[in-house]
Amino acid sequence: MSIFSKVKDKLEDLRRPGYFKKYDHKFTMVIDLDRCNGCGACVAACYAENNLPVVGKEECGKSRALNWIRIERYVEGEYPDVKVKFIPVMCQHCSKAPCETACPVYATYHNQDGLNVQVYNRCVGTFTCATYCPYDARRFNWFTYKRDKPLDEQYNPDVSVREMGIMEKGTFCIQRIRAAKDKAKDEKRALKDGDVTPACAQACPTGAMVFGDLNDPESMVSKLAKSPRRFRLLEELNTDPSVIYLKRVMKDGSGTSEE
Ligand code: SF4
């Protein structure tokens, strides 16, 4: 087959309706807000796993912290009758991600696992993706942050260390997904539920975070995603996020709206 016929076939493939929707997996995270107590273990685990720099108090004051997950805190009511609520927010891996349409150099795109990925080598730091992201999930490296010895030995060798001018955001621990897929391939079997656990879900002491493949009807996330308590952040924007939250249950048994 000539190269021209191959290209023609590929173009025809691309024109097929729904081609880009046929993900091999649809990795999804379900976060039960009834279990979240705002401890921040997920934030610390994400720092350790993904080589996030600790930028210091002064830089944090300039909104330059590089955390990929943040715990949003809400206080409802008047003192002393107040209710404190927490909601962990990270990149929502939107299926219709505004950041992807924004990037002028295609440094961010959707892969076959339904993930929004970031190509660091291609990023030129225009900041456009961060402007388009309605979840404030993206972080910019204002400097090349170095770890003093012996803390440099803490670097996770499976994750690249980013330099000045690079935009970054949560990846659902793509390195763990890759390792689990490789292991399953070596063992000549399909990826099964529970094979991948991102660092945040692993560290969560209350088991509030569950990760898995929404394409697998038997996976835990598929079951939890059917909960009547489910909602997604800013759903009205039609970004189709891959993070599903479960509402808190109040004393009277009703769910509360956390949007
Ligand atoms: Fe892009 Fe923001 Fe959606 Fe993540 S949450 S996929 S950075 S638009």
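The lining of the second largest pocket comprises 9 nonpolar, 3 polar and 5 charged residues; here Ala, Val, Leu, Ile, Met, Phe, Trp, Tyr, Cys and Pro count as nonpolar, Asp, Glu, Lys and Arg as charged, and the others, Gly among them, as polar. The model is predicted, with local features needing pLDDT of at least 70 and side-chain atom pairs counting only at pLDDT 80 or more, whereas totals for chains, interfaces and linings use all residues. Residues are numbered from 1 along each chain as its sequence is written, and side-chain values use heavy atoms, with hydrogens and water left out.

The volume of this second largest pocket is about 290 Å³. Among its 17 lining residues, Leu52, Pro53, Val54, Arg147 and Tyr155 are the closest to the centre. A pocket is an open set of points on a 1 Å grid over the protein atoms alone where a 1.4 Å probe fits, with protein on both sides within 12 Å along at least five of seven lines, and lining residues have an atom within 4 Å of a point. Grid points are joined across faces, edges and corners, and a volume is the space filled by probe spheres set on the points.

Turning to the largest pocket, its volume is about 370 Å³. It is lined by 22 residues, of which Val117, Gln118, Thr171, Ile174 and Gln175 lie closest to the centre. Both β5 (116-118) and α6 (174-186) supply at least two lining residues each, and α6 gives the most, with 5. Helices (H or I, at least four residues) and strands (E, at least two) are DSSP runs, numbered from the N terminus. By class, this lining holds 8 nonpolar, 8 polar and 6 charged residues.

The ligand is surrounded by 13 residues, the closest being Cys91, Gln92, Cys94, Cys99 and Cys133; a residue is near a molecule if one of its heavy atoms lies within 4 Å of it. This shell contains 8 nonpolar, 3 polar and 2 charged residues.

An open sheet of 4 strands runs in the order β8-β1-β10-β9, with mixed pairing. Its edge strands, β8 (209-213) and β9 (230-231), each pair on one side only. Two strands pair if DSSP finds at least two bridges between them. Strand β1 (residues 27-32) pairs with β8 in the antiparallel sense over 5 bridges, and Met29 has Phe211 of β8 as its bridge partner.

Finally, Thr239 sits in the loop between β9 and β10 (243-246). Thr239 counts as buried because its relative accessibility is 2%, buried meaning under 20% relative accessible area (1.4 Å probe, protein chains only).

Definitions and conventions: Buried < 20%, exposed > 50% of the residue type's maximum accessible area, 1.4 Å probe, protein only.
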